[in-house]
Amino acid sequence: MRILFLPFILFSTLFRAQDSSESIYRLWYDQPATEWVEALPAGNGRIGAMVFGKTDIERIQLNDDSMWPGSAEWDNPEGNKKDLEQIRKLLFQNRNKEADALLVKKFSQKSIIRSHQTLGDLYINLGFKDVKNYQRELNLNTACVDVKYIADGSKITQKVFASAADQVIVIKFSSDSENGFSGKIQLTRPMDNGQPTVITTAENNQLKMSGEVTQRNGMFKSEKTEILHGVKFETRISVRNKGGIVKSQADYLLVNNVKELILILVSNSSFYHDDFKKINENQLKLTARKSFDELLNDHIADYQKLYNRVDLNLGKNLLDSLTTDKRLERIKSGNSDPDLEAILFQYGRYLLISSSRTGTNPANLQGLWNEHIQAPWNADYHLNINLQMNYWPADVTNLGELNEPLFDYVDRLIERGKATARDNFGCRGSFLPHASDLWAPAFLRASTAYWGCSFGAAGWMMQHYWQHYKFTTDIKFLKKRVYPALNEVAHFYFDWLIKDPRDGFLISAPSTSPENQYIMANDDTVATCLGSAMDQQVIAEVFDNYIETCRLLNIENAFLDSLKIKRSHLRPGVVLGSDGRILEWDREYQELEKGHRHMSHLYAFHPGNYISKDTPELFNAARKTLDYRLKYGGAGTGWSRAWLINLAARLQDGNMAHEHIQLLLKKSMYINLFDAHPPFQIDGNFGYTAGIAEMLLQSRDDNQILLLPALPDVWKNGYVSGLKARGNFVVDIEWQNNQLENATITSIGGGKTKIVYNDTEIDIQLKAGEQFTFRK
């Protein structure tokens with residue numbers, strides 16, 4: 001291999017990564033959506049829409065990330081330190097089934113229904129039925145949904161976009177007919193258990209819809225609980241028209257013979273603003289000063305600052321003449337489509353940009369898009385894989401600032417979790433549950449121990465803080481955001497650990513492996529144990545990262561000294577069983593579901609990096625563990641398959657990873673490319689995007705950058721530009737005939753790293769803005 005070192009400042013690659021996207025990607029169809037999971041999503045991080053593209057009565061389902069019932073009124077459960085000690089005593093006596101029951105009884109608020117909800121629906125009655133040459137598309141490069149067709153001999157066009165720049169959703173209809181078109185515009189919202197949820201009025205070319213989010217079929221502690229209060233909101237639509245007239249009726253607008261119709265939608269809530277109606281008024285005044293083209297151009301410019309940082313091409317674009325649904329059908333028939341795989345990668349980035357922006361709430365189980373009053377799993381925040389997976393692609397695909405809503409939310413959880421840690425468990429620091437919602441309650445929820453009584457969530461969330469620092473090398477972030485959060489979680493686990501009477505190691509107890517169970521020698525099916533693999537791995541990582549954070553910040557204190565001692569006595573989280581697999585629980589129990597969808601005992605392999613090729617015995621054990629799960633039907637759900645793509649990439653097995661890309665597309669994809677759990681969960685989309693990045697680029701805490709570590713045979717030629725590596729490097733890679741052609745590493749802030757490609761290793765040190773390039 002010929003190595004070319006460029007020891008001078010060169011910004012061309014950095015410019016390319018941040019300011020251009022060469023591949024034009026889209027989702028497109030030759031018919032309107034008939035179901036919600038066929039509609040196309042738009043979003044500005046806070047508000048969004050699902051566009052159906054119907055020609056008779058167009059439906060645009062509306063979203064707001066703060067549409068939640070209730071408030072922060074629910075208290076922690078009754079359990080206390082004495083109850084915890086009793087549960088531990090039961091575990092020591094091998095009475096795990098009783099421990100499960102007592103854990104739920106004392107420390108869980110049981111089943112809860114308090115859901116993120118739809119904002120409502122915008123209906124535009126166009127009345128077109130005799131339609132030809134129909135096309136509907138989502139352009140990922142511009143974040144616009146476009147619909148066009150011929151109706152009654154005239155060309156009709158529709159464009160929809162959600163602008164973060166102006167905090168509006170814009171819908172434009174136009175016709176080249178001399179008589180234009182006529183129709184009816186309505187804003188509605190579904191009933192809540194038969195009761196109206198909004199009041200809609202129309203006047204002066206505006207529609208107004210206002211209401212308060214309720215949950216009349218709510219549930220708390222597994223008991224029906226009417227929730228009759230919640231976030232208040234107002235949605236307004238201002239109408240502009242060319243030609244024809246617009247008439248205001250009581251609660252709808254009529255348009256007659258209009259050649260161009262522009263709808264400007266604003267929506268705000270009491271969660272973000274005390275005077276949210278005034279905010280709506282101000283936003284409409286500001287947008288009134290802008291033409292449609294100005295609104296569009298400002299939207300595209302704002303969006304492309306993020307989207308254009310990364311470009312991916314996995315081969316020739318030969319199938320774009322086929323609609324997206326037909327391309328999916330080809331894959332189900334056994335064909336591969338690398339170009340569609342690249343589209344799906346960028347679609348994940350598009351969805352994250354559209355559902356997570358500075359100042360918004362983080363992406364939930366459905367990102368932002370939800371048509372329900374009572375959504376599946378409340379469309380809330382699950383912290384035992386799902387919320388974390390939502391943000392796996394953020395740093396590596398050069399969208400690091402989109403992590404901010406996640407950190408803001410977890411900081412709120414940590415504040416509420418301090419009371420949970422103190423009152424329920426008698427511990428310092430903060431406890432985070434496996435699931436929460438907008439109001440950030442930190443209590444356990446679920447009527448069964450295996451599903452909802454997880455103790456690793458806080459540590460897993462701390463990994464995101466730490467890894468964001470590793471990607472950015474931002475010492476200010478380390479000091480102001482990482483250390484305060486990590487300090488609270490480290491204190492909790494420090495106090496939480498107890499000595500295992502069987503071997504003297506420190507363990508987490510009670511402990512579970514999320515959503516999984518095992519069978520004891522007495523045939524009891526149980527969830528709790530004395531130190532699950534995941535808990536032990538997570539706590540070790542928290543302690544290690546806390547120690548390293550203190551070193552970087554020159555912090556020395558008695559707690560740190562004590563923590564180092566406890567770390568040395570912590571039972572290893574990676575223990576091999578008699579067959580060479582990594583144990584999931586504290587001992588080698590019989591497994592209830594050998595192909596369980598969660599692979600929590602592989603946390604140290606991914607998303608952690610304790611296990612790698614540098615630990616060959618453990619690396620081989622990770623493969624055996626995966627092979628065993630798959631043998632018995634593992635990775636059946638969309639997000640689980642996405643996790644498996646990442647795990648296969650860590651195994652540096654590109655063909656295995658691609659096999660599961662194919663299976664994800666065959667089994668777990670709606671035609672609008674939303675991940676099908678089923679039903680829709682957005683984590684599979686985000687996990688997939690992270691997995692593609694992981695196949696092309698891996699970076700580790702020990703300053704190594706691995707180029708093309710898991711390139712599958714089917715991706716014969718291609719390139720990627722703008723991916724981020726730990727150490728604050730931007731990486732561009734090009735390959736031909738499945739071999740690296742060239743790669744350029746740009747240092748943003750200066751630093752050293754080791755470049756690894758196959759058996760070649762190169763140590764480099766760059767100043768800020770310098771690049772290193774090597775070619776085949």
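User: In β7, which residue is the bridge partner of W28?

Analyst: This is a predicted model. β2 and β7 (residues 131-139) pair in the antiparallel sense over four bridges. Within that pairing, the β7 residue bridged to W28 is E137.

User: What is the mean pLDDT of the protein chain?

Analyst: 97% of the residues reach 70 or more. Residues 1-20 have a pLDDT below 50, and this stretch has 55 contacts in the model beyond near neighbours in sequence. Where pLDDT is low, the predicted coordinates should not be read in detail. For the protein chain, the mean pLDDT is 95.

User: Which strands stand at the edges of the open sheet of nine strands?

Analyst: The order in this sheet is β2-β7-β8-β9-β10-β19-β16-β13-β12, with antiparallel pairing. An edge strand has a single partner strand, so one side of it is left without a neighbour in the sheet. That applies to β2 (26-29) and β12 (198-203).

User: How many degrees does the twist average from one strand to the next in that sheet of nine strands?

Analyst: The sheet is open, with antiparallel pairing. From one strand to the next, its twist averages 15 degrees.

User: Which residue in β19 is the bridge partner of I171?

Analyst: β10 (residues 168-175) and β19 (residues 260-269) pair in the antiparallel sense. Their pairing extends over six bridges. The β19 partner of I171 is L263.

User: At about what angle does helix α4 run to β16?

Analyst: Helix α4 spans residues 276-288. It lies across β10, β13 (206-212), β16 (232-242) and β19. Its angle to β16 is about 20 degrees.

User: Which are the edge strands of the open sheet of seven strands?

Analyst: This sheet has the order β3-β4-β5-β6-β11-β18-β17, with antiparallel pairing. Its twist averages 20 degrees from one strand to the next. The strands that pair on one side only are β3 (40-43) and β17 (245-248).

User: What is the bridge partner of D121 in β11?

Analyst: β6 (residues 120-125) and β11 (residues 181-188) pair in the antiparallel sense over five bridges. The partner of D121 in β11 is T188.

User: Are α2 and α3 roughly parallel or roughly antiparallel to each other?

Analyst: Helix α2 (residues 81-92) and helix α3 (residues 96-107) have axes 8 Å apart. They pack at an angle of about 165 degrees. Angles over 145 count as roughly antiparallel. The relation of α2 and α3 is therefore roughly antiparallel.

User: How many residues of the contact of α2 with α3 are nonpolar?

Analyst: α2 contributes D83, L84, Q86, I87, L90 and L91. α3 contributes N96, E98, A99, L102, L103, K106 and F107. Two of the contact residues are polar and three are charged, while the number of nonpolar ones is eight.

User: Is the crossing of α5 and α7 left-handed or right-handed?

Analyst: The axes of α5 (residues 292-307) and α7 (residues 338-355) come within 10 Å and cross at roughly 125 degrees. That makes α5 oblique to α7. The crossing is right-handed.

User: Which residues in α7 do Y303, L306 and Y307 in α5 meet?

Analyst: The residues of the contact of α5 with α7 divide into five nonpolar, one polar and one charged. On the α5 side are Y303, L306 and Y307. In α7 they meet Q346, R349, Y350 and I353.

User: Which residues in α12 meet those of α10?

Analyst: α10 (residues 404-425) and α12 (residues 457-472) pack at an angle of about 135 degrees, with their axes 11 Å apart. That makes α10 oblique to α12, and the crossing is left-handed. L406, F407, V410, D411 and I414 are on the α10 side. In α12 they meet M461, M462, H464, Y465 and H468.

Methods:
Residues numbered from 1 in each chain as written. Predicted model: local features only at pLDDT ≥ 70, side-chain atom pairs only at ≥ 80, totals over all residues. Heavy atoms only, no water. Axes fitted to C-alpha atoms, helices over the stretch in contact; angles between N-to-C directions. Helix = DSSP H or I, 4+ residues; strand = E, 2+ residues; numbered from the N terminus. Parallel < 35°, antiparallel > 145°, perpendicular 65-115°, else oblique. Left-handed = near helix turned anticlockwise from the far one by under 90°. Contact = heavy atoms within 4.5 Å. Nonpolar A, V, L, I, M, F, W, Y, C, P; charged D, E, K, R; others polar. pLDDT = per-residue confidence, 0-100. Pairing = 2+ DSSP bridges.
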